[in-house]
Amino acid sequence: MEIDTLLCKISALVSLLSSLEKKVLKALQDAVTNHNLAVQPNPPPLEPTPINATSVKNHARQLPVHSFQVKMVRYGRQTVSVDVDVGVLLFDRKAGSFGVERVSHDRILQIMKFQSSPAKVRMVVDSHHNTPWEMTFESARKRDAFCQLLQLMKTRHSQLSEPDVISVFAGTWNMGGSPPPRSLRTWVTCCGLGQTPDDSIALLPHDIYALGTQENPQGEKEWTEHLKATLRSYTHIDFKQVAVQSLWNMRLAVFVKSEHESRISHVNTASVKTGLGNTLGNKGAVGISFLFNGTSFGFVNCHLTSGSEKVLRRNQNFVDILRLLSLGDKQLGAFDISLRFTHLFWCGDLNYRLDLDVQDILKHVSKREFEELMCADQLTRERHKRKAFLHFKEEKIAFPPTYRYERGSRDCYLWQKYKTSGVRVNVPSWCDRILWKSYPDTHIMCTAYGCTDDIFTSDHSPVFATFQVGVTSQFSFKTDPNSGMERAWIELEGIEAIVKTASKAKFFIEFYSSCLEETRRSSENDSQSCDVPGFLKLAWSFKQLPKLLPIKSDMEYLQDQHLLLSVKSCDGFESYGECCVALRSLNGASEQFETFLSHRGEEMGSIRGRVRIHVPKDRRGTREKIYEWFCFEKDGKGPVRGHTSPASTRIQINRSSAAPPKLTPSSYTNPAYFIFEGVSVARRVEEALPQRRDPQVIWSGNEALQLPKLSGRQGFDRRPSRRSDFTEIEIPAILPQYAPTNELHTPQTNSSYQLFPAKNPSPVPSPSGNAISQYQEQTSQSRDKYHGKNIVQDSTLPEKNLRNLYMNHSEIIREKARRDKLLPERANPIRTAKAPSVFPYTPTPLAQCQNSVTWMVGQQPLGPTGDNSLTALQIAKSLSEVDFFPTEQRSPSIPNQRPSYRNGPTMHGERSYSWEKEVSVLQGAPETVRELLSTLGLQKYTLGLSLNGWDDLDYFSGITEEDLRAAGVTNPSHRRRILENLPRNWN
């Protein structure tokens with residue numbers, strides 16, 4: 001009996017030990033999974049897929065059914081469930097006796113979104129003649145999640161062997177030299193602040209992950225294994241590494257799903273150093289490029305120069321990376337990387353700061369007033385001035401500045417940085433950014449943009465963005481299999497271009513495309529004229545242009561192709577401007593294209609032409625892409641199909657258009673071309689003025705961000721005015737001899753300027769001496785009139801939008817009181833607070849400009865030239881955004897009142913209350929720092945400044961008193977003398 005009892009107790013003990021062993025083992029496995037310390041076991045086998053499923057779907061995980069609460073017009077509130085795996089929608093109409101209705105994926109013909117109601121969709125079921133089902137979701141976030149699940153359902157149940165659209169994740173993080181936390185899941189799943197995905201789609205794996213880091217202390221292998229383990233922990237997918245590229249502590253790693261591994265080809269990597277004269281890799285960029293079937297992708301991760309005052313250097317860093325980063329097709333050597341890829345994603349610690357006082361920034365952040373802060377964002381301003389990231393796009397920022405936090409928490413910013421040279425202030429800023437640039441008429445949509453709020457190891461927060469990107473199929477052979485069949489051809493009927501150059505050489509055009517067997521070249525231009533110095537008008541007739549023969553003759557293939565054009569000199573074969581033209585928008589008998597020319601990130605002119613594409617009748621069939629299944633309705637004005645990225649307008653919903661709007665004859669571009677064409681400026685002014693003057697804007701996501709007019713004087717982040725920069729030229733408000741016209745054309749591009757005249761423009765005489773004098777006289781009277789009313793006509797913000805113009809009000813009040821105290825006798829100040837103007841600008845007459853900067857125009861007034869035309873210098877001075885006031889109007893210099901160039905809005909935000917500098921003591925225009933110092937009698941500081949990196953006159957314009965002291969200029973009067981005579985004060 002006792003033996004039986006003992007056996008029972010032993011058996012129970014064995015069972016308890018076994019149970020305890022299982023629990024311990026499970027706890028260890030969970031710990032390993034959560035902390036990414038070991039490789040996960042393979043996921044359980046999936047259920048067999050339907051017969052019509054393709055190889056893309058064989059690897060797809062089974063998704064749970066997601067439900068959404070909606071309101072429908074006829075049935076009221078109900079629940080709609082999306083079953084992606086089965087391919088049906090379930091409508092549970094609880095009220096009444098309708099029961100549950102099933103709608104299969106093939107019955108859904110179209111989904112329409114609304115611009116005015118972001119939470120509403122309209123679904124067409126069974127037939128386009130049926131009344132659409134209108135559903136209103138709880139939020140726009142829920143609606144977008146529903147649409148993404150529908151798109152995924154359509155993709156899984158389509159008959160396609162290759163995808164039409166893929167999802168891309170891009171992330172950037174400055175790790176601050178500290179090891180990362182064990183889990184990075186919130187970063188790669190876009191959890192945190194800003195525009196984040198709904199919980200129903202947050203854990204869906206993306207097709208491509210591109211993760212860039214700066215100041216990363218881990219090695220390549222250790223870091224990539226950490227990332228792969230993080231992705232595997234929540235997706236249960238073994239992602240394949242496309243490439244990893246490093247430069248010192250900078251890393252860029254790209255991963256793809258294993259099912260896409262065979263679709264990746266032509267992988268390239270490169271890096272560029274931009275630190276200390278482009279020799280050190282502490283600053284610079286790394287890049288990875290590849291082909292996904294027939295679509296080219298480029299990813300760039302960069303770390304630019306730090307410091308609030310180093311805007312010019314950051315702009316130059318960007319240009320150097322564009323020029324020197326060797327990625328993509330080697331045949332595209334004439335193009336920088338912004339034109340080598342269908343989609344280019346650019347992320348990193350760009351280091352652009354906010355030009356505001358710290359306390360004002362914190363006040364706006366606490367109120368989540370990010371739009372007001374964006375008006376002081378240096379990157380936004382540089383993009384607006386077209387000095388950096390020309391024609392790149394960025395989603396609207398709805399998250400707080402990601403730098404500089406106190407490590408270990410995200411409760412407060414730590415903006416004071418103690419160094420041996422003193423205390424440096426780093427104001428909270430959006431240093432970490434993600435931008436992109438895509439070919440025209442391609443599908444791309446940013447679906448998330450934000451930062452994490454639970455990763456504390458660095459003083460930067462990780463930033464993420466996700467995109468839905470359209471891709472094309474890969475055609476395996478180079479030419480048509482049957483050479484006897486009729487082939488497609490592309491015929492160029494004529495091309496005109498305007499190029500910013502003083503050269504009188506002949507030019508030709510080179511044509512590049514992946515759809516061409518080889519590069520084609522035109523003959524030299526047969527027409528050439530130069531009416532305004534610095535701008536050249538070129539033309540090629542039909543006889544000078546080649547006939548292009550694509551390698552494939554199918555319309556399905558050609559509509560996804562693009563032509564790259566490069567305008568080159570016949571002398572040195574140097575490119576003077578490049579552009580991209582989409583063939584999708586040219587499918588017709590004879591279609592016109594018009595776009596801008598750029599070179600190394602700078603706007604160089606414009607180009608237009610007429611193209612005729614012939615495709616054999618039996619090969620004109622096309623199919624609807626998955627992403628074209630969606631359309632967008634602009635306030636009830638009718639649907640716009642698809643979601644493409646046209647080169648023209650970017651209003652909120654027409655970022656997508658499978659059939660992009662035709663460009664009007666008046667579209668783009670540099671204001672100086674307006675004079676060059678001889679078109680009435682009155683027409684341009686009215687185009688920008690339907691009721692009032694449209695504010696200056698820059699696109700941030702789907703919305704237009706209104707920007708303040710920048711200060712008229714030269715700042716530390718502006719090029720010296722000794723160089724004529726025609727991209728800064730602005731057209732006078734209105735020419736008196738031309739009456740306004742009511743035939744208004746809405747501009748179709750990001751610019752409100754015209755390149756070419758309208759089809760039937762009113763005759764405009766060439767600018768003669770009489771016209772110029774008449775123009776000067778009337779504009780002078782207009783200027784005097786407005787000065788008498790203490791109004792300066794350069795306002796660009798309507799009254800209702802003045803809240804977006806940030807000013808440091810406390811500093812303004814102090815400065816105004818100080819000015820009133822020092823200058824009580826001054827009755828007519830040069831700049832005062834002003835009401836909005838209906839005219840964009842009031843130009844300064846040339847006669848008043850000739851004494852302001854002596855070395856630019858000489859001591860004698862400029863007389864009229866032989867052909868009675870404006871010289872380049874006169875145009876630049878009369879039309880630029882800088883105000884040239886006569887010497888007698890300048891306010892006297894006040895000692896010890898030099899504005900601060902660091903961490904405050906004095907340079908940009910306080911335009912209405914800025915002091916006018918005294919005329920420089922310099923009598924000649926120095927070309928080097930040595931010449932400048934010699935003119936001032938301070939040449940003994942040349943060596944010390946050169947050793948500290950201040951040997952370039954452009955960069956020297958941004959020097960501060962602290963920098964001078966560090967370079968050995970110990971005498972305060974010498975520092976003040978240098979600062980008062982910097983190139984930025986030469987205006």
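Keep in mind that the model is predicted. The sheet has five strands and stays open, and aromatic pairs come to 27 by the rule used here. Ser 566, in strand β28, is the serine to look at.

**The five-strand sheet**

- Reading across the open sheet, the strand order is β13-β14-β15-β16-β19, with mixed pairing.
- At the edges sit β13 (264-275) and β19 (432-438), each of which pairs on one side only.
- From one strand to the next, the twist averages 15 degrees.
- Helix α7 (residues 311-324) packs on this sheet and touches β13, β14 (280-292), β15 and β16. The direction of α7 makes about 140 degrees with that of β13.
- Inside the sheet, β15 and β16 pair in the parallel sense, with seven bridges between them.

- A pair of aromatic rings is described by two things, the distance of the centres and the angle of the planes.
- By this rule there are 27 aromatic pairs, and one of them is Phe 299 with Phe 345, which is stacked at 5.2 Å centre to centre with 15 degrees between the planes.
- Why does the pair of Phe 299 and Phe 345 tie together parts that are apart in sequence? Phe 299 belongs to strand β15 (residues 295-303) and Phe 345 to strand β16 (residues 343-349), so the pair links parts 46 residues apart in sequence.
- Both Phe 299 and Phe 345 are buried.
- Trp 346 and Phe 392 make an edge-to-face pair, with centres 6.0 Å apart and 90 degrees between the planes.
- Trp 346 lies in strand β16, while Phe 392 lies in the loop between α10 (378-384) and β17 (416-419), so this pair ties together parts that are 46 residues apart in sequence.
- Trp 346 counts as buried because its relative accessible area is 1%, under the 20% cut-off.
- Phe 392 is buried too, with a relative accessible area of 4%.
- One aromatic cluster is made up of Phe 290, Phe 297, Phe 299, Phe 345, Trp 436 and Phe 467.

**Lysines over rings**

- Lys 113 lies over the face of Phe 630, 5.7 Å from the ring centre.
- Lys 120 lies over the face of Phe 114, at 5.2 Å from the ring centre.

**The β17-β18 hairpin**

- β17 and β18 form a hairpin, and two residues lie between them.
- The strands run antiparallel, and four bridges join β17 to β18 (residues 422-425).
- Which residue in β18 is the bridge partner of Tyr 418? Look for Val 423.

**Ser 566**

- Ser 566 is found in strand β28 (residues 562-569).
- Is Ser 566 buried or exposed? Its relative accessibility is 0%, so Ser 566 counts as buried.
- Its side chain makes a polar contact with the side chain of Ser 575, at 3.0 Å.
- Leaving aside residues up to four places away in sequence, Ser 566 touches a set of residues including Ala 334, Phe 335, Phe 508 and Ile 509. Glu 510, Tyr 512, Ser 575, Gly 577 and Glu 578 are touched by Ser 566 as well.

Terms used: Residues numbered from 1 in each chain as written. Predicted model: local features only at pLDDT ≥ 70, side-chain atom pairs only at ≥ 80, totals over all residues. Heavy atoms only, no water. Buried < 20%, exposed > 50% of the residue type's maximum accessible area, 1.4 Å probe, protein only. Polar contact = N/O pair within 3.5 Å; in protein donor to acceptor, adjacent residues only side chain to side chain. Contact = heavy atoms within 4.5 Å. Phe/Tyr/Trp six-rings, centres within 6.5 Å; stacked < 30°, edge-to-face > 60°. Lys NZ or Arg CZ within 6 Å of the ring centre and 35° of its normal. Pairing = 2+ DSSP bridges. Axes fitted to C-alpha atoms, helices over the stretch in contact; angles between N-to-C directions.
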